[in-house]
Amino acid sequence: MGYKLNGWNSLVDLFLKAECPLCQRPASTASSQDCLCQDCERQLYRCRLPQPSKFWQPPLPVLAWGEYGGTLKRSLAALKYHNQPQVARLLGRYLAEAWLDSPAIARSLQPLVVVPIPLHASKQKQRGYNQAELITRAFCDRSRLPMAHGLRRDRATEAQFGLTPEARQQNLADAFCVDQRFSKRELSRTETSRTVLLVDDIYTTGTTARSAVQVLRQSGISVGGILAVAKAVQNV
Ligand SMILES: [Zn+2]
């Protein structure tokens with residue numbers, strides 16, 4: 001990115017639009033907290049899962065705020081494909097609320113560090129931002145957990161859509177690597193080592209998450225689970 005972000009205010013100043021990114025009607029709220037109009041926000045909130053921690057179980061614990069579909073699907077599309085990065089703030093806050101509603105999980109994993117699933121540099125350049133990173137920032141603002149760029153994506157992967165599970169896994173093989181500075185810092189900590197929480201926008205088959213978890217664990221870094229704004233319906 002050609003500019004430096006100094007927290008959310010700069011991001012909001014840069015991107016705040018007066019109209020709702022989903023329906024293009026004027027966003028009725030003057031608050032920069034909520035970028036959607038009240039109707040869309042109400043519809044979005046209906047997508048939340050009644051029990052976000054239901055899937056928090058081995059081998060890959062998942063905590064998801066909502067069910068992928070409807071207004072949540074449209075919100076994520078606006079965020080990823082229609083240059084509406086401000087949507088991440090609301091989604092990250094919702095994800096943090098789901099997390100804060102599950103204090104037993106948090107207690108069992110302390111201390112924690114939150115790592116967004118990265119995009120390949122070329123894709124990030126094209127989009128202008130990594131949506132998972134923006135969601136993570138909002139999540140960390142609310143949850144008060146520290147964020148770190150622990151992973152890099154060195155090889156551009158083909159779009160996952162339409163691939164068989166086997167092809168997806170192959171497509172992602174070796175796509176991630178652990179950031180060297182991050183692993184050096186984490187592995188040299190003299191106090192209790194931190195557990196990574198991964199954050200992504202959508203959890204579908206879990207292939208992406210599993211690949212990321214695998215490379216972190218191979219580097220000796222402990223991973224608690226993955227937090228996703230949306231979880232695909234077929235897994236619910
Ligand atoms: Zn709207």
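Modeller: A crossing is left-handed if the near helix is turned anticlockwise from the far one by less than a right angle, and right-handed if clockwise. This is a predicted model, where local features need pLDDT of at least 70, side-chain atom pairs count only at pLDDT 80 or more, and totals for chains, interfaces and linings use all residues. Residues are numbered from 1 along each chain as its sequence is written, and side-chain values use heavy atoms, without hydrogens and water.

Let's centre on α4, a helix of residues 87-100 (helices are DSSP runs of H or I, at least four residues, numbered from the N terminus). Helix α3, residues 70-81, has an axis that comes within 9 Å of that of α4, and the two cross at roughly 135° (axes are lines fitted to C-alpha atoms over the stretch in contact, with angles from 0 to 180 degrees between N-to-C directions). The crossing of α3 past α4 is left-handed. From α3, L72, S75, L76 and L79 make the contact with V87, A88 and L91 of α4 (heavy atoms within 4.5 Å).

Now for α2, residues 38-45. Its axis and that of α4 come within 13 Å, crossing at roughly 35°, and α2 passes α4 in a right-handed crossing. Here E41, L44 and Y45 of α2 meet L90, L91, R93 and Y94 of α4.
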